[in-house]
Amino acid sequence: MGIVLSKCLNLIHSTDFEVHRNWLAITHNLPVSQWYYEATSEWTLDYPPFFAWFEYALSHVAKYFDQEMLVIQNLNYSSQATVFFQRLSVIFTDILFVYAAHECCKYVNGKRPGKELLEKPMFVLAVLLLWNFGLLIVDHIHFQYNGFLFGLMLLSVARLFQKRHLEGALLFAVLLHFKHIYIYVAPAYCVYLLRSYCFTANRADGSLKWSSFSFLRITSLGLIVCLVSALSLGPFAVLGQLPQVISRLFPFKRGLCHAYWAPNFWALYNAVDKTLAVVGIKYKFLDPEKIPKASMTGGLVQEFQHTVLPSVTPLATLICTFISILPSVFCLWFKPQGPRGFLQCLILCALSSFMFGWHVHEKAILLAILPLSLLSVESPKRAGIYLILTTTGHFALFPLLFTPPEITTKILLMLLFTVYSFSSLRALFRKEGPLLNWLETIYLIELVPLEIFCEIVFPLTPWNLKFPFIPLLLTSVYCALGITYAWLKLYVSVLTESVTVRQKAE
């Protein structure tokens with residue numbers, strides 16, 4: 001908290017401050033009919049309507065800090081009062097995340113109780129959630145409202161654990177209309193609610209009893225989805241603007257990858273393509289004049305063509321994502337394990353979408369890291385996967401903070417969180433043996449020399465001017481290997497896990 005407050009005072013800010021300042025101005029000054037058409041700034045409104053209304057509400061508080069921030073034409077306006085208000089708004093809305101974390105901690109309360117507070121699963125989970133390094137730097141240093149949104153998601157998960165299914169469904173429906181990236185985990189919600197709520201009974205062997213299907217329950221869920229969608233999209237449907245809203249929410253012309261490749265399958269795919277292109281040119285297998293000029297590492301968000309490997313279309317990424325989540329969805333349906341099985345499916349859906357999605361941001365890895373925290377305190381196997389995914393996923397966020405003051409801050413914060421994660425989970429499962437094998441340990445240790453090379457050694461070399469993208473490429477590709485490994489390991493663990501169905505005789 002001290003570091004967060006110091007950042008508030010130093011008023012360091014990123015591009016996302018201007019993004020949200022512009023959205024404050026748009027929603028404050030313009031009628032609803034113009035929100036998704038306004039394009040004075042390049043940072044046009046591209047979040048769902050509920051988030052637009054959220055910005056509208058914030059704008060009526062922002063005017064008491066600095067009216068000038070609400071002028072649409074004031075591009076890149078960043079007075080101290082403006083940045084302070086935006087920092088304060090993130091801290092205030094994080095109250096929901098704190099409450100959601102508290103609700104989630106109740107789920108593990110009482111399991112594997114330790115003699116000391118520091119060894120209690122509930123306390124360990126609370127720290128892993130509330131002190132999450134990635135969420136801290138993305139929201140409170142870089143700047144976004146992910147804490148508030150993850151609060152909605154975790155609260156929805158908690159309600160499903162408490163068997164308050166309609167509340168959980170309502171919260172998730174609302175969340176989707178705040179930020180559509182959460183559609184990644186929608187399959188887990190749909191299958192779980194259909195399997196465990198709409199069907200009310202199982203046979204003795206654990207298989208589904210089809211006659212137990214409840215039309216009342218599925219009607220209730222349908223009404224929730226329809227009402228929330230009508231409230232969010234209804235005004236734009238009446239205005240005939242739904243196509244415009246959808247085009248803003250899903251801008252496929254932005255290209256397969258972000259300027260900094262998210263550490264996923266496509267980063268590895270791009271790296272292989274680049275390597276083959278370099279080798280092909282060197283040995284004269286390729287004609288340099290026929291190679292596409294669009295660069296994948298020049299810092300621009302754009303469409304591009306691969307040089308050697310087939311270029312990837314949005315439809316191809318959709319198919320890959322769909323195929324990758326199918327095993328987890330089938331497992332949730334045919335091997336139901338209650339809320340715990342749902343949580344596993346949610347994490348796998350998030351990871352699969354991160355691995356194969358179109359134009360994925362590196363920050364999307366938090367969609368898997370935070371819910372995996374809940375499982376990490378339950379078993380040593382999940383704890384080991386959590387440590388690999390968290391360490392590599394958080395390290396992949398380092399390029400977000402690149403100024404000299406931020407470099408020291410991010411390294412210190414990550415060290416503190418990583419040391420606590422390893423030590424607390426090791427203490428929790430001290431009788432279970434090591435959480436990582438020697439290869440996994442070596443892989444994670446190698447992140448240290450990688451950071452030293454990227455931040456200290458490479459800037460001093462003559463390659464820095466000619467190939468400025470090398471540190472980003474190395475970080476993305478190396479972290480992609482770790483995240484891919486964690487995804488596969490979790491998948492294998494879930495699919496091979498034996499399930500024992502127990503029934504209580506009445």
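Trp53 comes out partly exposed, at 34% relative accessibility. Keep in mind that this is a predicted model. Tyr56 is also in the partly exposed class, at 31%. Both sit in helix α3, residues 49-62. They are 3 residues apart there, so about one helical turn separates them.

Now the rings. Searching the whole structure gives 42 aromatic pairs. Trp53 and Tyr56 make one of them: the centres are 5.5 Å apart and the planes meet at 85°. Edge-to-face pairs need planes over 60 degrees apart, so 85° puts this pair in that class.

Stay in helix α3, and move to Phe54. Which residue does Phe54 pair with? The partner is Phe148, and the pair is stacked. Centre to centre, that is 5.0 Å, with 10° between the planes.

Phe54 and Phe148 belong to a cluster linked by ring pairs.

Last item, a charge and a ring. Where does the charged end of Arg195 sit? Over the ring of Trp333, 5.8 Å from the ring centre.

Key
Residues numbered from 1 in each chain as written. Predicted model: local features only at pLDDT ≥ 70, side-chain atom pairs only at ≥ 80, totals over all residues. Heavy atoms only, no water. Phe/Tyr/Trp six-rings, centres within 6.5 Å; stacked < 30°, edge-to-face > 60°. Helix = DSSP H or I, 4+ residues; strand = E, 2+ residues; numbered from the N terminus. Buried < 20%, exposed > 50% of the residue type's maximum accessible area, 1.4 Å probe, protein only. Lys NZ or Arg CZ within 6 Å of the ring centre and 35° of its normal.
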